[in-house]
Amino acid sequence: MTDRISKLTAAGVAVWLDDLSRVRLSSGGLDQLRREKHVVGVTTNPTIFAKALADADEYDWQLRDLATRGVEVEESVRMLTTYDVRWACDVMRPSYDASNGVDGRVSIEVDPRLAHETDKTVAEAKALWWLVDRPNLFIKIPATEAGLPAITATLAEGISVNVTLIFGLDRYSQVMEAFLAGLEQARANGHDLSKIGSVASFFVSRVDSEVDKRLEKIGSDEAKALRGKAAVANAQLAYERYGEVFSSDRWQSLADAGAHPQRPLWASTSTKNPDYRDVIYVEELIAPGTVNTMPESVIHAYADHGETPGDTITGAYDAARKAFTDLEAVGVDMSDVIAVLEREGVEKFEASWLELLDGVRKSLAAAGRGTGRPGQAAQGNAQAAQQAGGNA
């Protein structure tokens, strides 16, 4: 049987999993994906954690401990999520070591309510870095106006960063500038640049969802013919900018000091429209030095029928620019599309964070009353704590 994901990896695409839960960790499922499906990284977000904590009783013993100690809800969320991320970092450590620190990374996001507060974002990033205490951690910081200086300041501290919620090309250019400035400050601060990693998470499918909705409203044949074209074109043009920045003399000076480039990471790669091929946001975005973070369903779909024809980005720049010209011609304002997506992206993660807080608050209350869900993991608590490298 052809190993399709191996071919994708050979084409320069690092396959990461866009999911994490304690069940996945305790069952060995994450390690199996690393060993059998070439998964070399993990991304998380508030939505993923909210679902994980709502769906499993693997957290019951830790919730009881936290309730007994009287730990407040926000700190409890940090303890629960950093426990999982620390464990995942240990599972992915072989990939980190094998790639000299490029892959094997696991991401945890700062509180999204801080997205418009620079200093608090940096303070949260430093706290999470200390709590997880693993070299293969990424701190996720959203690419808001306030997030840009936070990215620079966090990197300057020697902390690795996953920049998230990037939708537009201009903002992506600002993110790369923030990265370069952060590494320059880190070098001045005496940090080893070879130990600092970064990716820039460029969201894909959400762009098509928003643009297609507008094309349907316009309703002309010309407009409908452009459905499903915007997201891939947007990402392809982002990769063009990546190539320009990371072939510059400024970057070469940092590379000579041991720095790794900030790779573009294609996020939101599950297909929202059932009319589209389920692996379109993988097949159409293949190029060296990229990361594609996928839900497990997309990983399995690609393993089953994904095609890797080679680089599908660098020869497509002219076609991508034409797609943008055609979209503007039928009345789609891409600058407004990007503004809407940026605002909604932060709002959705804030909503998920509040859902997570509310769920943990209720679970702590139930555990404190002794009426929480029956804990099935009590016997394995010591072993789990040892595996995760931490405790409640």
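Predicted model: local features only at pLDDT ≥ 70, side-chain atom pairs only at ≥ 80, totals over all residues.
**Ground rules.** I number residues from 1 along each chain as its sequence is written, and side-chain values use heavy atoms, with hydrogens and water left out. Local features need pLDDT of at least 70 and side-chain atom pairs count only at pLDDT 80 or more, while totals for chains, interfaces and linings use all residues.

**Salt bridges.** I looked for salt bridges (a side-chain nitrogen of Lys or Arg within 4 Å of a carboxyl oxygen of Asp or Glu) and found 30 in the structure. One of them joins Asp84 and Arg22 at 2.6 Å, N to O. Asp84 sits in helix α6 (residues 73–98) and Arg22 in helix α2 (residues 22–26), so this pair ties together parts 62 residues apart in sequence. For helices I took DSSP runs of H or I, at least four residues, numbered from the N terminus.

Are these two buried or exposed? With buried meaning under 20% relative accessible area, exposed over 50% and partly exposed in between (1.4 Å probe, protein chains only), Asp84 is buried at 0% and Arg22 is buried at 2%.

I then checked Glu177, which forms a salt bridge with Arg250, their closest N and O atoms being 2.7 Å apart. Glu177 is partly exposed at 40%, and Arg250 is partly exposed at 30%.

Conventions
Helix = DSSP H or I, 4+ residues; strand = E, 2+ residues; numbered from the N terminus.
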